Each structure stands twice: as structure tokens, then as C-alpha cells.
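Please work through the exercises below with the sequence and the model in view.

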Amino acid sequence: MDGGGLRLNMNALDYTLLALYFVTVLGVGFAARRAIRTSVDFFLSGRSLPAWVTGLAFVSANLGALEIMGMAANGAQYGMMTVHYYWIGAVPAMVFLGIVMMPFYYGSKVRSVPEYLRLRFNRPTHLLNALSFAIAQVLIAGVNLYALALIMQALLGWPLWTAVVVGAFIVLAYITLGGLSGAIYNEVLQFFVILAGLIPITVIGLIKVGGIDGLWDAVRGSELGEAGLHAWADTGGTDNPLGAQWWGIVFGLGFVLSFGYWTTNFAEVQRAMSARNMSAARRTPIIAAYPKLLIPAVTVIPGLVALVTVKGLGAESGDLQYNNAIPLLMRDLLPNGVLGIAVTGLLASFMAGMAANVSGFNTVVSFDIWQAYIKRDKPDGYYVKVGRIATIVGVLGGIGTAFIAAGFSNIMNYIQALFSLFNAPLFGTFIVGMFWRRMTAWAGFWSLLVGTLGALATYLLYRGGVIDFNSDLEQSFWGAGIAFVLVLIVAVIVTPLTTPKPDSELRGLVRGLGGVDLHGDTLVGDRVWWRSPVLLGTIAVVLSLLFYIPVF
């Protein structure tokens with residue numbers, strides 16, 4: 001097959017399925033609106049949702065178009081090494097969040113991640129994180145919008161600008177109406193719609209290439225070669241598709257980037273904060289880890305199918321960029337009806353990703369910037385209005401930043417650069433502050449600032465050709481590692497020079513000081529042994545290691 005053009009041959013049945021989905025999404029937004037009476041209802045779903053709902057929303061919020069198109073692009077470009085983003089680069093951190101960090105987030109009743117930093121450190125650290133988080137969410141929302149625009153361009157032949165605006169309007173409508181509940185219930189729906197779209201692509205693609213064995217043989221004959229079938233081969237050096245060494249994968253991706261993303265990214269943590277009690281909050285990311293283990297089957301495998309069936313895939317520009325691996329397979333493999341479901345699944349994935357960014361953005365802008373520094377002590381309804389206005393601002397910002405994302409041939413490389421810049425230094429500051437009670441408020445501020453500047457300097461020096469890495473992703477691993485190390489160094493230097501907070505102010509915020517009740521709000525059904533967060537988390541981590549065996 002060749003690139004030919006990305007236009008999909010949609011018929012009336014496909015468009016009907018798509019229209020039904022849009023009507024359902026908006027209907028969920030209207031239904032959720034009726035439950036909104038307070039700002040906690042709008043921003044945190046009244047802290048009332050069961051663990052299975054928040055768990056599916058947690059994984060769905062991450063399963064954006066960015067994840068699907070970006071990981072399929074990585075599958076085509078880097079082969080089976082892409083599974084590192086799931087099995088070492090997600091599951092352990094998700095389990096750590098549930099077992100270790102959620103008790104502090106949920107138990108302290110903070111409304112956001114930046115608010116935790118205000119209580120643990122000081123207001124300057126709080127404001128720095130709130131501003132950097134808001135900027136990051138607008139940039140990442142732009143990536144999701146750009147990914148949607150690629151699909152709409154392929155689907156309808158619409159110009160990029162039209163596709164971006166229409167897609168943004170739909171997300172704007174259901175979050176403005178239904179707040180976080182509208183986003184979360186739609187994310188649960190979207191999880192199943194996304195899988196319904198991806199599974200046929202995977203199954204039909206495998207049939208076309210002669211099953212798994214046929215795919216493996218075809219990959220061996222491709223430009224990736226045998227290296228494309230292994231996750232750890234040749235990682236003692238850099239002679240592998242990812243251009244990364246094993247310690248960079250383990251430390252840069254498996255520790256700093258992944259823990260930085262999953263444990264401190266409020267767009268994800270917000271879903272767990274909306275759970276109905278401590279047990280449900282802790283189980284939320286752990287429940288999400290189980291589908292996360294299996295998602296490479298419907299992202300990485302299609303990427304490899306595209307590599308061996310689409311001639312010329314991997315061009316710097318045009319229809320044959322790696323980013324288009326999934327749309328090209330949809331065009332080449334799917335019959336009408338199934339095509340409509342797949343397109344709906346991709347649009348659902350875009351909405352899930354962008355809704356997570358925007359709902360995180362509106363909460364932080366409303367509580368952590370507007371209420372904390374601009375207009376304090378207003379009635380509760382005032383902040384719900386601010387949240388709705390912030391939603392509009394976030395979506396408009398996402399429209400603008402979509403055109404930044406358009407300048408990258410692999411959007412996953414761009415997003416990893418953003419994570420190394422914003423999440424890695426935040427994770428370093430968090431983890432030291434949570435486990436080292438002596439760390440002072442100003443040590444928190446300077447650690448976060450210097451770590452962020454260090455990651456930014458690494459990125460700019462790489463882009464300017466001053467320092468060299470084997471790939472964009474290796475730069476992200478290094479940038480994240482440098483940011484984390486800088487945070488540790490600054491914390492150790494500044495802490496002895498400044499005054500720590502008394503233990504009484506840190507209770508419930510720092511490990512070892514008590515103040516966190518893990519069982520006080522436990523429901524009878526939560527006490528059964530198989531709902532233990534520690535047991536469920538341990539099983540998920542063991543599975544993530546076992547899954548490596550066939551592709552080691």
C-alpha cells in the first residue's frame with residue numbers, strides 16, 4: 001500500500017454512528033449539570049464516585065488521541081521498545097500513587113496538586129506550580145486538538161483550522177455544562193468506544209499480515225529489523241531503535257518521567273480525588289493499571305502493522321508521517337460501519353485527553369490562582385462561574401497551541417519533552433518534601449524553579465545543536481534526569497540555610513508524622529481482601545514484569 005491520500009471513504013452509516021456519539025456526549029453533559037450545586041460538585045464531582053468509575057476515567061483521561069496516535073507512531077518508529085512507556089513507564093508509578101501518595105492527597109482534602117504544595121511549602125511554591133501547570137495543560141490540550149484535526153482532515157477533508165475549532169467546541173460544551181462529572185462519565189463511555197475502534201484495526205491488521213508470526217517476519221524484513229521485536233536488546237549501548245541505554249530507560253523514563261507524570265499530574269490525580277472515600281481513591285490508579293498493561297496490543301501492534309504494510313511510512317511531512325499510522329490503517333483495512341466506529345473511537349480519545357487537560361486547568365485557575373491571589377472570600381457560586389470562564393479560556397488557548405504541535409512530525413516526542421520540563425522537577429520536589437520532613441518551604445520553591453530551568457536549558461541546548469543526543473526521546477530522558485538531580489542538590493543546599501516548618505503544620509502532609517486515616521471512611525464492601533490496594537498493586541507490578549518475557 002502507499003500513502004495515496006488520507007481521505008476516508010465514509011458513508012451514511014458511518015456518519016450516523018458518529019452523530020449518535022456526539023448527541024450522547026452532550027446528553028451526558030446536560031445530565032451531569034443537574035447534580036452541580038457547589039464548587040466541589042463542579043470541580044471534584046462532590047467526592048462521590050465509586051472506584052470503578054474513577055479508575056476507568058483515570059485510564060481514559062490518559063488514553064487520548066495523543067496516546068493512541070503517538071504510541072502507534074512510536075510503534076512504527078521504535079518497534080517493541082515502545083512497550084517501556086506502559087510496563088516500566090506507567091504501571092509502577094500508578095501503583096505507587098495509589099498506595100503511597102493518595103493517602104496524603106485525599107486525606108488532606110486538598111482540591112488540587114498545587115494546593116498540596118501550598119500546605120507543604122509556601123505560597124510562592126504554590127503559585128509557581130499553579131502557573132506552570134496551567135501553561136502545561138494548555139500546551140498538551142493543543143496536542144490533543146492537533147491530533148483530532150489530523151483525523152478530521154482525513155475524514156472530511158476539512159482544513160486544519162476548521163477541524164480544530166469544531167472539535168474544541170464539543171469539549172467546551174460538555175465540560176462547561178457538567179463540570180468534572182460530565183468529563184468523568186464521558187471518559188468511562190469513551191474508554192469502551194476507544195477500544196471498540198482500536199480492536200478491529202488490530203485484528204484485521206494481524207489477519208492481513210498472517211498473524212503475529214507473519215507480523216514478526218515482516219518486521220524483521222523492515223528497516224527496524226530484528227531490533228524492532230525486542231524491548232531490552234542492545235540497551236547496554238545506544239545501538240537500538242530508541243537510541244537509549246538501559247539505565248536511561250529505567251531511571252529517566254521508568255522513574256523520573258513516569259513517576260513525575262502519574263503521581264503529580266493533576267489532570268490524572270483529579271479523577272482519584274473525586275472518589276467517594278479513601279479506599280476508592282487509593283484503588284483508582286491501581287484499577288486503571290490493569291487496562292494500561294494491555295493497551296500496547298491496540299497501539300504498538302497497529303504501529304508495527306502500519307510499518308510493514310504502508311509503503312514509505314516515516315516521511316518528514318505529508319500523509320506518510322508516523323503520526324498518521326492509525327488513520328492510514330483505518331483507510332486501508334476497515335469496511336464501512338466498522339470505519340464509523342473506529343473514527344468515533346479516535347474522536348472519543350481526543351475528547352478524553354483534552355477534557356482531562358481542560359478540567360485540570362479550570363480547577364487550578366479557579367482555586368489556585370483566582371481564589372488564592374485575585375478574588376478571595378467570594379460566594380461558592382462565584383467560583384463555579386470562574387471555572388466555566390476558565391474552561392473557555394483553556395479551550396481557546398488549546399486552539400492556539402494546536403499549531404505549535406503541528407510543527408512536530410512525531411507528537412509523542414513533543415509531549416515527552418513537555419513532561420520532562422514540567423513534571424520531572426515537580427515530582428522531585430514532591431517526593432523529597434513528602435518523605436523528608438526537614439525540607440524547608442524555600443527549599444521547595446528553589447528546587448522546583450531550578451529543576452524546571454535545568455530541564456528547559458537541556459531542551460534548548462539540544463534544539464540549538466549545542467549538545468547532542470541520539471533521539472528526541474533520549475533528550476527527554478536526560479532532561480528529566482537532570483531536573484530531578486538538580487531538585488535533590490538544591491534541596492540539600494537550601495534546607496540547612498532556612499527554617500523548617502514545625503511538625504504540627506506538616507501532619508497529614510509528610511510521611512511518618514501521622515494525621516492520615518486510611519480506614520475511617522471505609523464502607524463495608526471495601527473491607528474484603530481482594531479490594532486491598534496493596535494486593536491489587538503488587539499483582540499489577542508483577543504482571544508488568546512478566547509481560548516483558550516474550551519481547552525481552
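The exercises that follow concern a predicted model.

**Exercise 1. The largest cavity**

Task: Determine how much space lies in the largest cavity, which residues are closest to its centre, and which element gives the largest share of its lining.

Solution. 
- Step 1. The largest cavity contains about 310 Å³ of space.
- Step 2. Its lining is made up of 28 residues, and those closest to the centre are N62, E67, Y261, M412 and F419.
- Step 3. Assign the lining to elements. Those that give two or more residues include helix 3 (51-62), helix 4 (65-78), helix 8 (123-156) and helix 16 (338-374). Helix 11 supplies the largest share, with five residues.
- Step 4. Sort the lining by class: 15 residues are nonpolar, 10 are polar and three are charged.

**Exercise 2. An aromatic pair**

Solution. 
- Step 1. A search of the whole structure finds 26 aromatic pairs.

**Exercise 3. Charges over rings**

Task: Identify the ring over which R111 lies and the ring over which the charged end of K378 sits.

Solution. 
- Step 1. R111 lies over the face of F367, at 3.9 Å from the ring centre.
- Step 2. The charged end of K378 is placed over the ring of Y382, 5.6 Å from the centre of that ring.

**Exercise 4. The surroundings of M80**

Task: Decide whether M80 is buried or exposed, and list the residues that M80 touches beyond four places away in sequence.

Solution. 
- Step 1. Locate the residue: M80 is in the loop between helix 4 and helix 5.
- Step 2. Buried means under 20% relative accessible area. M80 has 6% relative accessibility and therefore counts as buried.
- Step 3. Leaving out residues up to four places away in sequence, M80 touches W216, G228, L229, H230, A231, V300, L304 and V551.
- Step 4. Compare sequence and space: M80 and W232 are 152 residues apart in sequence, while their C-alpha atoms are 9.1 Å apart.

**Exercise 5. Positive phi values**

Task: State where K109 and D234 lie and how accessible each of them is.

Solution. 
- Step 1. Recall the general rule: most residues other than glycine have a negative phi.
- Step 2. K109 has a positive phi, near 60 degrees, and is not a glycine. D234 is likewise not a glycine and has a positive phi of about 60 degrees.
- Step 3. K109 is in the loop between helix 6 (91-107) and helix 7 (113-120). D234 is in the loop between helix 10 (211-220) and helix 11.
- Step 4. With a relative accessibility of 47%, K109 counts as partly exposed. D234, at 48%, is partly exposed.

Note on methods: Residues numbered from 1 in each chain as written. Predicted model: local features only at pLDDT ≥ 70, side-chain atom pairs only at ≥ 80, totals over all residues. Heavy atoms only, no water. 1 Å grid on protein atoms, 1.4 Å probe; cavity = no way out; pocket = protein on both sides within 12 Å on 5 of 7 lines; lining within 4 Å. Points joined across faces, edges and corners; volume = space filled by probe spheres on them. Helix = DSSP H or I, 4+ residues; strand = E, 2+ residues; numbered from the N terminus. Nonpolar A, V, L, I, M, F, W, Y, C, P; charged D, E, K, R; others polar. Phe/Tyr/Trp six-rings, centres within 6.5 Å; stacked < 30°, edge-to-face > 60°. Lys NZ or Arg CZ within 6 Å of the ring centre and 35° of its normal. Buried < 20%, exposed > 50% of the residue type's maximum accessible area, 1.4 Å probe, protein only. Contact = heavy atoms within 4.5 Å.
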